[in-house]
Amino acid sequence: MEAVTHTENAAALATLKRAGFTQEGVRRSSCLHRGRRHDNALLALLRTEWEAQTRPRSWDQV
């Protein structure tokens with residue numbers, strides 16, 4: 001799975017990292033938002049990494 005967010009979005013980055021995502025790179029000046037350029041962080045989570053997590057996931061309880 002992949003996720004992309006602004007590098008300045010500390011809350012999103014923290015949430016993704018807690019979920020097991022690893023930051024794989026940065027696309028510099030790749031996003032134009034309200035007339036200003038932003039860097040985007042690229043994060044990824046492999047299926048094997050997700051399955052190896054020991055904490056319960058929401059659908060495990062259904």
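Ala41 is in contact (heavy atoms within 4.5 Å) with Ala3, Val4, Thr5, Thr7, Leu13, Gln23 and Gly25, residues up to four places away in sequence not being counted. The structure is a predicted model, in which local features need pLDDT of at least 70 and side-chain atom pairs count only at pLDDT 80 or more, whereas totals for chains, interfaces and linings use all residues. Residues are numbered from 1 along each chain as its sequence is written, and side-chain values use heavy atoms, with hydrogens and water left out.

Buried denotes under 20% relative accessible area, exposed over 50%, and partly exposed the range in between (1.4 Å probe, protein chains only). Helices (H or I, at least four residues) and strands (E, at least two) are DSSP runs, numbered from the N terminus.

The open sheet consists of three strands in the order S1-S3-S2, with antiparallel pairing. Strands S1 and S2 (22-33) are at the edges with a single partner strand each, so one side of each lacks a neighbour in the sheet. From one strand to the next, the twist averages 25°. Pairing requires that DSSP find at least two bridges between two strands; S1 and S3 pair over five bridges in the antiparallel sense. Within the sheet, Thr5 is opposite Ala41 of S3. Helix H1 lies across S1, S2 and S3 and runs at about 160° to S1. Axes are lines fitted to C-alpha atoms, for helices over the stretch in contact, and angles run from 0 to 180 degrees between N-to-C directions.

Two salt bridges are present, defined by a side-chain nitrogen of Lys or Arg within 4 Å of a carboxyl oxygen of Asp or Glu. One joins the side chains of Glu8 and Arg36 (3.1 Å, N to O). Glu8 is in the loop between strand S1 (2-6) and H1, and Arg36 is in strand S3, so the pair ties together parts 28 residues apart in sequence. Glu8 is exposed at 54% relative accessible area, and Arg36 is partly exposed at 46%. The side chains of Arg47 and Glu51 form a salt bridge at 3.4 Å, N to O. Both residues lie in helix H2 (residues 47-52), four residues, or about one turn of the helix, apart. Arg47 is exposed at 65% relative accessibility, while Glu51 is partly exposed at 48%.
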